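Me: Please take a close look at one part of this model for me, then follow it out to the rest of the assembly. Keep it chatty, but give me the cut-offs.

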Amino acid sequence: MSYLNLENLSKSFKDDKVILNLNAKIDKGEFFVVFGPSGSGKTVLLRLLSGIMLLDNGEIEMDSQVINEFQPEERDISMAFQNFALYPHMKAYDNIASPLRADNKNIPDDEIDQKVKEVASLLKIEHVLNQFPKELSNGQKQRTSLARSLISKPSVVLLDDPLRNVDAKIRFEMRLELPRVLKEFNTTVIYVTQDFREAMALGDRIAVLYDGKFNDINSPKNIYQNPSSLTTAKLFGDPTINNFDANIKKQNDFVHVDVKGEQFKLKRKTDIQDGDCIIGIRPEDIILSNEPSENSIEVEFRTKTPLNLRIVFLVRLNNGLEFLCSTTEEESQLIDENKKMYISFLDEKSHFFDKETKRNLE
Amino acid sequence: MKINRKLFPYVLTLPALLVCVGILIPFFTAVYYSLQRYNLKMPHMKGFIWFDNYVNIFSDPSFWNTIRVSLTYTFFTIIIELLLGLGIALLLAKRNWLNNILGVLLVLPLMIAPALASLIWRLLINPNFGIVNYLLSFIGIDDFTWASHPDTVLFTLIMVDVWVFTPFIMILLLAGLRSLPRQPFEAAELDGVPEYYKFFRITLPMLFPFILTASLFRLLESIQQFDIIYALSQGGPGESSMVFQVSAYLQTFQYTNIGKAAAMMVVLWAICYFLCHVFVKQWHKLKIKTKGELLQ
Amino acid sequence: MKFNVWVLLKILAYIAIIMFFLFPIAWIFNMSFMTNEEILRKVPVLFYEPTLKNYIGLWKGEIAIEGFATMYVYFKQNLINSAILSVGSVSVTLLLGVPAAYAFARYKFKGGEDIAFTLLSFRFAPALLIILPLNLYFSKIGLYDSYFALIWVYQLITLPLLLWIVRGYFEDISPDIEYAYRLDGHSWFQSFWRISIPLAKPGIAAASLLCFIYAWNNFVFALILGSSQIQPVTVGALAFITASAIPYGLIACGIVVSVLPTLILALFIQKYLVQGLSLGAIKG
């Protein structure tokens, strides 16, 4: 029995169907990442869950109780906002203490004090508790906002792209620190991000949101290695996955590929049918070399650029088709751009997608 | 406390809404009165006469006099206040200690009740001891008649209106001037553009929305001015300063002719309603514009 | 040479502006410290012994004039009335206007803008049009000559003013801050009271002061809807000046006392004045 059950959630604004028949089952204590491109409705989804917005359709069930009509304050769900949403007229201390001061809780002041200090030390912001939000750095604001969302140990914590508005260094630190902090509270986390690396680094499971619903819900590894559709495949990876229309024909252990007259073969087994499809292959799954090998294709060098500690090459087939290949720094040193260049594919890592529906055919 | 979320905003506005309705009822009553023969002194003659009151006032030369006086008053107050307000705003635009202090002090007349402003001026232009008369005698003007003569009463009233409300235009335009972007001026300076050209081609056009909003604001108030005129001349001498509202006031309380007074007020309301629409549009535009600039 | 002419013109302009706009106020203050004889001199006296007689007389309500019997003036009641009416109007406006301003700022609801603009248009409706029928109504139901009735009518000017200024301040508060507070476990009312109101406080304070000034300065409502028992200083001062035999110094003193509260308040809300006067359209 899952803890948080989302059934056919729908929400539209005028004619814009932002969330359409979204389903998910989330377990207690799970770190559930919602990943999607900007504008895909991630924030709207969190607002629906927290009760800031009301559903048009569907049911939110939490701990076997339908909470659709609950007011935000009745849901035992907390949220850290992307823009932090700290109370500008309260010191960091009072910001963090706010959830404990709700009327129905009746927590004595010394207990509040103790808890605030506890969570502040966990997030390393004890020294700024007496400052107002406008005196805090972005990183401190973000920690304060996190502290506020965690202090009352809510059943579910919603984190709306909390690392979006902090600089790269803090983002890196927090990515390492966040899982440890969240573990302390042992709560169910729904984490929204539009950075696939963040999603993969943090999530127990990742749900990929576009077209108003979750298209993949799977472990980071599975989503990366076996995306359900070309769209998902394109979202995970930088540079994005190479994809091209092709005609395939199976023969023995090989798949023969015809791309606009250019022919090569992949050594892999598959049960898809012969015919037209889209082949996807990630830039890092392409091997670049100055020496031809058994299944390699000759390419022409176009340009190269460093990206995320790797080197990305743009190369062109004889038929004009362009590929992105990504290599490590060391590998790139071995390649002489002025000589003839060849590419070959890590055969098992190629994906086949349907031409019309873009679904993964395997 | 569970209130339907859709109804909630209405709950919040309900009290204000009730006041709204409370104002609309007398408004419709007034319109209703304007269609009646209704004189407090002759209650038994009360009856429905459709548009006779309107026909009457429009064929009454004294009503046309009222319109003429009102428009003259409005026209001159706006023009003078606008030019003077713009002039002062330009003079004070640069921030320095003198301008900052004057910017504060010059608002004071605006904060005085217009009725009391009239009284202040009544003391200043009193024929027996008025300091203004004394000062004017130095430049050869003796025994200026002020509010006691039909030829000068409008001048006097307009002067008081200008005294009270020029600061209004001034303060809005000053804020406008100080909010203008610097780049066009800097560019013009680099190009060596002459001052007058800068003023007419850059300052004025950019200030125009502020000028328009401020003047429409004043227009709406000026055409219904009552306090200043009632406290200074009560429409006299004769009918030489008889504006809309003073005229309607006298119709009601001197001649107790409610029907006629209501008809006059409805005519004034129609004018104001039209102006108000123009104003609200312009005001809203300016509001969006200044808000947008803040966001950048 | 040309430079000097400009400077000279500028100085003249400054002098003219100060003379026209500020001298009258200064002179009225001056007059309020003079005796009748000093005022009535054909050539104004510049040096005289200032007296507080006028102020004391105004406060006591009686003034002895040499050669005449003691005069009684009731101006103190007018001052009290002004205070009651202005404070009352502002309080009612706050009570009605702040929640409505919040609703207009925060929610898009059917008819919302229409109501907001209708309220705004009241600000520009001819006052007499509404007061004439009200006068007759109030007489009928016995509300004529009551503070309550006047305060209610005063909403015509104060409510739209507050509504449109405060609305702007609420719009500037990020709704997320309120939602965050709700998610902390507080009810809507608590978030309104502890988050929205404190954050809009400067605007609410400035708008209330401006409403106070407008209410204090109002003339026509009380002129028509109240007897001398409840009339504010604006109407009282007019009766004062038209009554014969009241010393001019006392009149000047009455005027000074009447304008002083608004002048002082104006200094306090300098920063917000532009925004208030333009109903929130221009940020000063």
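Reply: Two strands pair if DSSP finds at least two bridges between them. The elements themselves are DSSP runs numbered from the N terminus, helices being H or I with at least four residues and strands being E with at least two. One caveat before the tour: this is a predicted model, where local features need pLDDT of at least 70 and side-chain atom pairs count only at pLDDT 80 or more, while totals for chains, interfaces and linings use all residues. For bookkeeping, residues are numbered from 1 along each chain as its sequence is written, and chains are lettered from A and ligands numbered from 1 in the order in which they are written.

Let's start with the sheet in chain A. Four strands of chain A make an open sheet in the order E2-E1-E4-E5, paired antiparallel. Its edges are strand E2 (16-26) and strand E5 (65-66) of chain A, each of which pairs on one side only. Further in, strand E1 (residues 4-13) of chain A runs antiparallel to strand E4 (residues 57-62) of chain A, and five bridges join them.

E4(A) and E5(A) form a hairpin with two residues between them, and Asp63(A) in the turn has a positive phi of about 50°. That's a backbone angle to look at if you're going through the torsions of chain A.

Now zoom out. Chain A is divided into domain 1 (4-225) and domain 2 (242-246 + 279-353), with bounds from an automatic or database domain assignment. The C-alpha centres of domain 1 and domain 2 of chain A are 40 Å apart.

Chain A also touches chain C. The contact between them takes 18 residues from chain A and 15 residues from chain C, counting two residues as in contact if their C-beta atoms, placed from the backbone, lie within 7 Å. On chain C's side, the elements that give two or more residues are helix H8 (175-183) and helix H9 (188-217) of chain C. H8(C) supplies the largest share of that side, seven residues. By class, the side of chain C that touches chain A holds eight nonpolar, four polar and three charged residues; here Ala, Val, Leu, Ile, Met, Phe, Trp, Tyr, Cys and Pro count as nonpolar, Asp, Glu, Lys and Arg as charged, and the others, Gly among them, as polar.

So what does chain C look like as a whole? The secondary structure of chain C is 13 helices and two strands. Its radius of gyration is 24 Å, well over the 19 Å that the globule rule gives for 284 residues, so chain C is more spread out than a compact globule. Along its principal axes, the C-alpha trace of chain C spans about 75 × 70 × 35 Å. Of the contacts in chain C with a separation of 6 or more, 74% link residues 24 or more positions apart.

Chain C is assigned two domains too: domain 1 (2-72) and domain 2 (75-277). Their C-alpha centres lie 31 Å apart. Domain 1 of chain C puts 17 residues into the contact and domain 2 of chain C puts in 14 residues. On domain 1's side, helix H1 (2-31), helix H2 (36-40) and helix H3 (53-60) of chain C are the elements giving two or more residues, with H3(C) giving the most, five residues. That side of domain 1 of chain C has eleven nonpolar, six polar and no charged residues.

At the other end of the numbering, helix H13 (residues 270-277) of chain C is mostly covered, with six of its eight residues buried. Among the buried ones are Tyr272(C), Leu273(C) and Gln275(C). The cover over the buried residues of H13(C) includes helix H8 (150-179) of chain B together with helix H7 (147-171) and H9 of chain C. After H13(C) comes Leu279(C), with a positive phi near 55°.

That brings in chain B. The contact between chain B and chain C takes 71 residues from chain B and 73 residues from chain C. On chain B's side, the residues divide into 59 nonpolar, nine polar and three charged.

Terms used
Rg over C-alpha atoms; globule rule 2.2 N^0.38 Å. Buried ≥ 20, exposed ≤ 12 C-beta atoms within 10 Å, placed from the backbone.
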